[in-house]
Amino acid sequence: MRIHDLLNKQAIDLNASVSSKMEVIDHMTGLMERAGNLYDRAGYKKGVLAREEEGTTGIGEGIAIPHARCAAVKRAGLAAMVVKEGVDYEALDDEPVELVFMIAAPEGGGNVHMDALSRLSTMLMDTEFKELLLSAKSSEEFLRIIDEKDDELDGKKKQRAIEASKDGYRVLAVTACPTGIAHTFMAAESLEQKGKELGIPIKVETQGADGAKNVLTAEEIKAAECILIAADKKVDLARFDGKPLISTKVADGIHKAQELLQRAVSGEAPIYRHAGAAAGGADAQECEEQENAGRRIYKNLMNGVSHMLPFVIGGGILIALAFLLDDYSIDPANFGKNTPVAAYFKTIGELSFGMMLPVLSGYIAMSIADRPGLAVGFVGGLVAKAGATFSNPAGGEVNAGFLGALFAGFAAGYLVLALKKATSKFPQSLASVRPMIIYPVFGILSGAAVTTLINPLMGIINDGLTGALNSMHGTSRVLLGIVIAGMQSVDMGGPVNKTSYVFATSQLAEGNFEIMAAVMAGGMIPPLVIALCTTFFKNRFTKKERESGLVNYLLGLSYITEGVIPFAASDPLRVIPSCIAGSAVTGGLSMFFGCTLRAPHGGIFVLPTIGNPLAYAAAILIGAVFGCLILAVLKKPIREGEAE
C-alpha cells in the first residue's frame, strides 16, 4: 500500500496557525476526523495524548509524528500539516516543529497499512524530501512529492538487497518502540542510510505493531560482526548468544546512527551471553544502556504491581460481592460464607487475592533477572506470605506481608543475577545445568533463606505500621486520608499516584479497608472536577474542552484519573492544585465518616460493597464540588472568540 492511499487532500493543511503542542494535536485530530478516519475524535485524541505521556513524538529536525492505535479509529489514515513559523512541540532536540504527520491505526485492523506507515517514517529521514514538502504550494503537489519519493524508495530497497546478497552484512540491528509505528522504522532507515554512507552493510529487523519484519536469519547472525539493539521495549536476545551486542534506546538509532555503527565495527562491543552462559560474557543487564538506579527500581516495582493488580482487583471485588450477597444474621462469625453463593464468591476471591504477594514478588524478580528470576521470586513471595522463620519454617509466627514480599522480589532478582555471574565461567558443555538445576534449586533455596532471615524484621515493621494506623483516631486519621487521597491528583497515574495506590492495596491484606476507600475516592475526584467545571462554568473553557469534559463524568465515576491529563497538560498551575484540593477534602471526609472498601477498583459501581456508602458518596460529591469551585476561581473567563 502506498502513502497516497492513506493520505487525502481533506487531511492536509499547508498553512496551519497553531501556537502550542496541544493546539497541534487538536488541529490534527480535526483533520483526521474530516478525512473520515475516526469513529470518535475524543477517544482518538485521548490515545494520542497517552502516547505523548510515554515520550514526545517530536523526533527532532523540525518533524513530529503523533500517533495512536485504538478502537476510536475507523480506518488506517494519515493527516499532514505544515506550520510555517514553527511551533514548540517539546521535541527531542528542543527545536520548533514545522512538519507534522499524524498516524491513526485501528485496533485489529490487519497489517496491510503498516508497510505504508513504515515507509513514511523512512521518507522523513531525507532532508531534501522534507524541504520539498515544506515548500509545496498545494495538496496535489504535496501528494505528488510523496508518490515520487515512494517510487525512489522501492528502487533503493531493491538495490540494497542486491548488494547485501553479494557481500553479506557486517552489522545486524533490531529496532522497536512501544507502539511499533513511527520510531521503529525511522531508526531502521537512519541506520541503513548511515551504513551505506560508511560502507558498512547492515540489515535491520523492525519489530513493529504488526510483528517483526525483515527478520534476521540464523546464518546472518552467525556471520555478523556485531548486533545493534535500538529499542524502548523488551527484545528477546537469546538468539544472539555469543555475539558482540550493543543495546540502546530507539532514539539513538535515529540520532546517533554513525556513532553506533562505528562502535559496532570497532571490536569493542561486549560479548552477549544469554543468562551468562560462558566465560567472559556479559548478561543482558550489562549489555543494556545504563539507567538511573531510582528509575530501575521503579520499573521493577511497577512490573510486579502491574501483574499483581488483576489478582487484587478481581479477588477484592469478588470478596466484596460475597459480603453483599450473604446473610449476616445466619452466623455473624462466618459472615461472607453463610450462603452457598456467597461462600463460592468469597472462596474464589480469596484464592485470587491470595496470589497477590507471590505474583508481586515473582514479577519484580523477573524484571530484574529475566525468566530465571520468576520461580525464585514466586517462592520468596510465598515464604513472605507465610511469615516463615527458621524456628518455624511452616510460618505463622510473623506478619511479613506486603513489605516482605516486596523485599523478597528484589532479593530474588539480585540473587539470580549473582548466580549468573558466579557461574559465568562454566564451560559451554555445562550451560544447560545452569537454567535447569542451579537457578531453580540454589536460587529458590537462597531466595527463600534470605526472605526467611528478613521476615522477622519485616514483621516488626509491618506490625508497627499496622498498629500505628489502627491506633489513629480523629484528626490523625483524617490527616492520613487527606495526604494519601491528595497524592492521587498530583500526577494523574504517575509515580506519586501509584505510590499512594500501592500503599492502599498493601493495607487491604492487613485489614485496613479505610485507606483503600480514601484513595479510590481521591482518584475519582480529578475527572469529576473537570466535568463539573466544564458544565457549570462554561465560559472558562473552549467549545472543544467543554465537549471532552463531559466524558470525565463517566471516567470519574469509574475511578479513571487519566481523563484529566489533557486539561492538566494545558493549564497545570490551575488544574492540578484544584484537583489536589478536591481529592484531599474527599479523602479526609472518607476517613472521618469511617468508610471502608475491600475492592481496590470499580469506582461508583462497587458502591453497594462500601462501608457507609451514603457518606462515601457525599464525601465524593463534596470534594468534587470544592475542587470545581477552586478551579472556577483560578481560571479566568476566556474571550468569546477563543471559546470556539
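Which residues point one way from β8, and which the other way? I found that Ile202, Val204, Thr206 and Gly208 point one way, while Lys203, Glu205 and Gln207 point the other way, and that all are buried; buried here means under 20% relative accessible area, exposed over 50%, and partly exposed in between, with a 1.4 Å probe and protein chains only.

I note that this is a predicted model, in which local features need pLDDT of at least 70 and side-chain atom pairs count only at pLDDT 80 or more, whereas totals for chains, interfaces and linings use all residues. Residues are numbered from 1 along each chain as its sequence is written, and side-chain values use heavy atoms, with hydrogens and water left out.

**Strand β8**

I looked up the burial of strand β8 (residues 202-208): seven of its seven residues are buried, so the strand is largely enclosed by the rest of the structure. Helices (H or I, at least four residues) and strands (E, at least two) are DSSP runs, numbered from the N terminus. I then turned to its neighbours, where two strands pair if DSSP finds at least two bridges between them. Strand β7 (residues 171-176) runs parallel to β8 and is joined to it by five bridges, with Val171 opposite Ile202. Strand β9 (residues 211-213) runs antiparallel to β8, with three bridges, and there Ala212 is the bridge partner of Gln207.

**Helix α13**

I checked helix α13 (residues 356-369), which has 14 residues and reaches 20 Å from its first C-alpha to its last, close to the 20 Å expected at 1.5 Å a residue; the expected span is 1.5 Å times one less than the number of residues. Eleven of the 14 residues are buried, among them Met356, Val359 and Leu360. Asp370 follows α13 and has a positive phi, near 65°.

I also looked at what Met308 touches, with contact meaning heavy atoms within 4.5 Å: leaving out residues up to four places away in sequence, its contacts are Met356, Val359, Leu360, Phe402 and Thr505.

**Nonpolar cores**

A nonpolar core is a set of buried Ala, Val, Leu, Ile, Met, Phe, Trp, Tyr and Cys residues joined through side-chain atoms within 4.5 Å. The largest has 73 residues, and Met308 is one of those that touch the most other members. Helix α19 (residues 513-536) gives this core its largest share, 15 residues. A second, separate core of 59 residues includes Ile12, Cys70, Ala104 and Val250.

**Asp241**

Last, I placed Asp241 in the loop between β10 (226-231) and β11 (245-248), where Asp241 is partly exposed, with a relative accessible area of 30%.
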